[in-house]
Amino acid sequence: MKLSEIAQKYRNNSFISGMYLTMPKMIQNLFYTVYGIFKLIEYRKVLGDLSEYDQEETLSPIAIKNKQVDNLKLLLHHAIKHSPHYRNIISKYNIDNIKDLSILNSLPILSKEKVLENYSNIIAENSKEFNPIIMSSGGTTGTTLNFMVDKGLYLSKEQQVVSYWKRHGYIIGKEKTLMYRAGVLQSNSKKINKPWRRDYARKMLYLSSYYASDKLYKEYYLLLKKWKPKYMQCLPSAVFLFAKYLNNNNLSVPLKKIFSASETLHEFQRVEIEKAFSCKVFDHYGHGEPGIYAAGQCEKNNYHIPSNDVIVEVLEDGNILETSLKNYSMPFIRYQIGDIIDGVHDDCECGITTPYIKKILGRESSLIYTGDGRVLSSIGFDQIFKMNNIILGQIIQNERGRLNLKLIPGSLFSKNDEKNILNKLKDRVGLNTQITIEYVKEIPKAKSGKYNLVISNIKENVI
């Protein structure tokens, strides 16, 4: 079992996670640091060969397309030979005669629902040859999607991120970094105290995005002035609220660069954040499923797609389709991730030659208002539904301090699953937030055709 799988197993174990939350802060820091050591070892392997991504940024558009065609041929040959699902779909084509990417227009779209329905048939019969890692993604639907990722692709994903950060001057472990996003929690049996943790191995300080108040922001400010980080990785909505506090109080925490991800970075947020931290914000778009992991922004704020790894198509309504060129254990061909973009473009003024996305249009997050007065981004709340035997879940808020939890239970759902879900949700929103559970047979889709993980009917729901 891989380290990442072990970590995921322990994170999803309610007893172990509950025990961890009651540990002293120093012990929790030790856990963060040990994890950081493993990540540094992993990053050394990744940093050893970024040449593929460095060269990709200077290839001509024609060379990029030719390389994608060659990689697509290899993937399709493999899918025909080893994946029962694709064997029936692709075997009628003469793959060797493919001259461009137009064959993709003839292939069916792979939706999340189709992956769930055909899971075992999509998996390659020789999947073990690629040392796959079992991963999962909840995303905006509240449904856990399990899938296999080749070990090689897993490292390539890390390379995408590292290459993008490196482009903007950041070297992992060299300078102090601030991680401002979900993840630092404390037991609800204790008063929330100092929701920050340190990874001494990677010189990284974690600030929780689950707690927000002027009192806490003042503590964050004093902590950062003393610690003096140079870079920040963050959720846009979370750091925006902190930036507003700093600007309203004429305070500043100068940094070199800020890297945001996981939700839409709005222009009004960018302005507020860059003022508070006296530096530029660079966003990246990506997700956990095989495809785009880190399409990072350049100096012109365009999201450059790592074309060695993925082919991107856009439907008329803006929905993005991705064909992962490096995942052989479980091929994802024309996968509809559910996000909406403005299109795929060429010839960026920054000089990088890979195709790019100007704007991510359909990746919004809602705000959640807790009973103790906090305001939280909904990003990361899909974690409460994972590994708890539910088909679908949704959180609805009609008034501050109250949440209605809708669940479609699976055949193995039990009272213990209900308890785990409630505990995970309470860890995020606190004990003062009232939670009701409603078991339903169906959860309606939004007009866009997507399920929304969080629906807020509060008019003040503006980040």
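**View 1. Helix H12 and its cover.** Strand S6 (231-234), helix H11 (236-248), strand S7 (257-261), strand S8 (280-285) and strand S9 (295-297) are among the elements that cover the buried residues of H12, contact being heavy atoms within 4.5 Å. The model is predicted: local features need pLDDT of at least 70, side-chain atom pairs pLDDT 80 or more, while totals for chains, interfaces and linings use all residues. Residues are numbered from 1 along each chain, and side-chain values use heavy atoms, without hydrogens or water. Helices (H or I, at least four residues) and strands (E, at least two) are DSSP runs, numbered from the N terminus.

View 2. Gln-269, Arg-270, Ile-273, Ala-276 and Phe-277 are the buried residues of H12 (residues 267-277). They fall within an arc of 140 degrees seen down the axis, so they line one face of the helix; the arc is taken from the directions from the helix axis to the C-beta atoms. Exposed Glu-267, Val-271 and Lys-275 sit on the face turned away. Buried means under 20% relative accessible area, exposed over 50%, partly exposed in between (1.4 Å probe, protein chains only).

View 3. Glu-274 and Arg-270 meet at 3.7 Å, N to O. A salt bridge puts a side-chain nitrogen of Lys or Arg within 4 Å of a carboxyl oxygen of Asp or Glu. The two residues are four apart, so about one helical turn separates them. Arg-270 is buried at 6%; Glu-274 is partly exposed at 23%.

View 4. Lys-256 pairs with Glu-175 in a salt bridge, closest N and O atoms 3.2 Å apart. The partners lie 81 residues apart.
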